[in-house]
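Student: I have a new model on screen. How do I read it, feature by feature?

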Amino acid sequence: MSVHFEERSGVVPCKTPWGSWYQTMDEVFIEVNVPHGTTAKEVKCHLGSRDIELLVKGKEIFKGKLFGTTVSDEATWTLEDKCLIRIILMKTNREAGNCWSSLLEGEYCANAWVQDQMQRKLTLERFQRENPGFDFSGAEISGNFAGGGPDFSSLQK
């Protein structure tokens, strides 16, 4: 469900010196630009549930404690076209209110505008899941969207 929503509505990337990262309710995606011609043997990637480390050709790209917890058994990385490393982390808390404000604790933080756009996106993704017959991919949201938006669970159907 979220993959289709993401494809239709686009992503809100947080730019970094090495590339970018973005998120959905379920996953965090990291895209790292590496020198053209890089081989998988030159990449060392540790993906833990609370920490991450990436080295390319012996040079540390990033290392630290993740902003949130992930399912380490479901984390993957790929080297695409010998110039892009794509890392996918599965969040343990998959709610719209779990919007990471940075990739690592205190590092690669989303600025206020990007953070606002990420939270809006996760709230719309939540609405899409709760209302599969509607298309929220092009919707705009305003008002109470922080923390995943308003809670309608107590309303009678």
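Predicted model: local features only at pLDDT ≥ 70, side-chain atom pairs only at ≥ 80, totals over all residues.

Student: How many helices and strands does the protein chain have?

Tutor: Count the elements, then read their order. The protein chain has 2 helices and 10 strands. Along the sequence the pattern is α-β-β-β-β-β-β-β-β-β-β-α.

Student: Which residues have the most contacts inside the largest nonpolar core?

Tutor: A nonpolar core is built from buried residues joined through side-chain atoms within 4.5 Å. The largest one here has 31 residues, and I30, F62 and L103 have the most contacts inside it. Several elements supply at least two residues each: β3 (27-33), β4 (43-47), β5 (51-56), β6 (59-65), β8 (84-90), β9 (102-104) and α2 (112-130).

Student: What is L103 in contact with?

Tutor: Leave aside neighbours within four places in sequence. L103 is then in contact with W18, W21, V28, I30, K65, L66, F67 and Y108.

Student: How many aromatic pairs does the whole structure hold?

Tutor: The search finds 7. For each pair, read the centre distance and the angle between planes. W18 and F62 are 4.8 Å apart, centre to centre, with 50° between the planes. That pair is tilted, because only planes under 30 degrees apart count as stacked and those over 60 as edge-to-face.

Student: Which residues form one aromatic cluster with W18?

Tutor: F62 and Y108. Y108 is found in strand β10 (residues 107-109). Check its backbone angle as well. Y108 has a positive phi of about 60° although it is not a glycine.

Student: Where is D81, and what is its phi?

Tutor: D81 is found in the loop between β7 (76-80) and β8. Its phi is near 55°, a positive value in a residue other than glycine. D81 counts as exposed, because its relative accessibility is 65%.

Student: Why does the length of α2 agree with the span it should have?

Tutor: Compare the expected span with the distance between the end C-alpha atoms. At 1.5 Å a residue, the 19 residues of α2 should span 27 Å. The end C-alpha atoms are 27 Å apart, so the two agree.

Student: What happens at the start of α2, and which of its residues are buried?

Tutor: At the start, a side-chain oxygen of N111 reaches to within 3.1 Å of the backbone nitrogen of W113. The buried residues of α2 include V114, M118, L122 and F127.

Student: Is L55 buried or partly exposed?

Tutor: Partly exposed. Its relative accessibility is 21%, and buried means under 20%. L55 is found in strand β5. L55 and V43 are 12 residues apart in sequence, yet 5.9 Å apart in space, C-alpha to C-alpha. Not counting residues up to four places away, L55 touches E42, V43, K44, E60 and I61.

Student: What does N98 touch?

Tutor: N98 touches Q23, K91, N93 and L122. N98 is found in the loop between β8 and β9. With a relative accessible area of 16%, N98 is buried.

Terms used: Residues numbered from 1 in each chain as written. Heavy atoms only, no water. Buried < 20%, exposed > 50% of the residue type's maximum accessible area, 1.4 Å probe, protein only. Helix = DSSP H or I, 4+ residues; strand = E, 2+ residues; numbered from the N terminus. Contact = heavy atoms within 4.5 Å. Phe/Tyr/Trp six-rings, centres within 6.5 Å; stacked < 30°, edge-to-face > 60°. Expected span 1.5 Å × (residues − 1). Polar contact = N/O pair within 3.5 Å; in protein donor to acceptor, adjacent residues only side chain to side chain.
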